[in-house]
Amino acid sequence: MKEIEDIIRSFKKAQQQNKKTALATVVHVEGSSYRRPGARMLVTEDGELTGAISGGCLEGDALRKALLAINQQQNKLVTYDSMDEEDNTIGIQLGCNGIVYILFEPIDAIKENNPIVLLEKTTQQKSNAVLVTLFSLDSIAEQRGTCLLATENTYYETVGNAVLQAALKNEIAGAFLTGVSAMKKFGPAETAFIELIKPPVELIIAGAGNDAFPLVQMANVLGWHVTVVDGRKTHANTNRFPSAKNIIVAKPAEAVKQIAISEQTVFVLMSHNYNYDLAMLKELINSNCNYIGVLGPKKKLEKMFAALLDEGIEVNDEMKEKIYGPVGLDIGAETAEEIALSIMGEIKAVLAKRNAATLRDKNGFIHEHHIAAK
C-alpha cells in the first residue's frame, strides 16, 4: 500500500506542475523476478520515477517505454525475458531467470476512473478491495489496462463490455472469498490480473515511552499507519510522535472504543505500566485482531493471564494463539532499535502466515506462486 500511496502523491504533484505521466505495472511473471505482479512505478515526462518494478535493472529501459506510451497516448505491454542468457536485446543482465510482463498506461487525468483514480480509491478502504487489469500477450491486440475496482459495496469500471464485466465479477467474488490474487484468461487473447489489495497495516502502540520511537519510525518506512495510545499527555503528543497517524490519550477502555479493529490491526503493549497493559489486554482479548504483542518477560504475561482469570476471564488456547509474549523474533535484540526490528519482523511474519525462517533453508520459490492463469 505504501507504494500506491507514494505514486498517488507523486501523480498529484506532477498534475500541479502540468507534467504528463504513465503508470508501469508488473501484470504477469513467469519464473523468478525481483518484483511480483502488482508492483508499480509512476513515470513523469521528465523522467522522475516513483515506485519500482524491479531491483533497478529494468527501470532504465522502462523509462523509455513509458515515455513512448506518453507520447503515443496508448497502453503498451512490454516483455522482459531474462531466461535466455544469449539474448542481449534489452541490453541488461537481469539475473532473475524469469519473464516479466509490464503494462505501461499513459494517464489521462480528465478521464473518469483512470488508473490513478482507481488506485486512490483503494487507499480509502478499510477493508480488502479487488483491482482488475486487462492485458493481452498478443502485441497487436488492445491493452485495456487498469479498468475495474471492486470494494465491499461498489464497482468502479471502464471495461466497456457488459459480458466481460459480468464474467469478471465472478472472478472478483472468488478473490474476495479466497483472499488471494489470481490470473484469468478470457479467450485466446485477453488475460485479467485480478489483484486483491489489502488496506495498510494499522499498528496500535500502547505506550508512548522513548522505546516506541524506533517502532513508529520503522512502521512509517513500511507505510503502516501508526496510532500511539497512552494515558499521559506529556508522552503521547505530536511533538514526540510527528509521524503517527493518530494519537489517543485515554485509558484502555476508552481508547479501544476509538479504534476500528480489523484483520489488519495489530497491537503492541509496551507502556511499561503493568496495570495499563493488563487493562488493554482485557479489552482486546475477544477482538478480531490477529496479533497482540506484549513487551516483557513470559512471567509477566502469565501473571496477566492469572489476573484475568481472577476476574472471570479465562484465556483459552484459541485466544493465546494471537498473543505474542515476550514480543518479537529471537534475533538477539538488545537495544530499543533492535527490539523494534524484532517486533516488526514478527508482525510481518504473522500477517503473512510465515514462520520467519531463513530463506537459505527454504525449498522452492521465495514468493508464493498462487497467481496462475486459468
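Student: How many bridges join strand E1 to strand E2?

Tutor: This is a predicted model, in which local features need pLDDT of at least 70, side-chain atom pairs count only at pLDDT 80 or more, and totals for chains, interfaces and linings use all residues. Residues are numbered from 1 along each chain as its sequence is written, and side-chain values use heavy atoms, with hydrogens and water left out. Strands (E, at least two residues) and helices (H or I, at least four) are DSSP runs numbered from the N terminus. E1 (residues 21–31) runs antiparallel to E2 (residues 40–44), and the number of bridges joining them is 5.

Student: Is E1 largely enclosed or open, and how many of its residues are buried?

Tutor: Buried means under 20% relative accessible area, with a 1.4 Å probe and protein chains only. E1 has 11 residues and is largely enclosed by the rest of the structure, because the number buried is 9.

Student: At what angle do H5 and H10 pack?

Tutor: Axes are lines fitted to C-alpha atoms over the stretch in contact, and angles run from 0 to 180 degrees between N-to-C directions. The axes of H5 (residues 213–221) and H10 (residues 336–351) lie 8 Å apart, and the angle is about 45 degrees.

Student: Which residues of H5 make the contact with H10?

Tutor: Contact means heavy atoms within 4.5 Å. On the H10 side the residues include Ala-336 and Glu-337, and on the H5 side they are Pro-214, Leu-215, Met-218 and Ala-219.

Terms used:
Buried means under 20% relative accessible area, exposed over 50%, partly exposed in between (1.4 Å probe, protein chains only). Two strands pair if DSSP finds at least two bridges between them.
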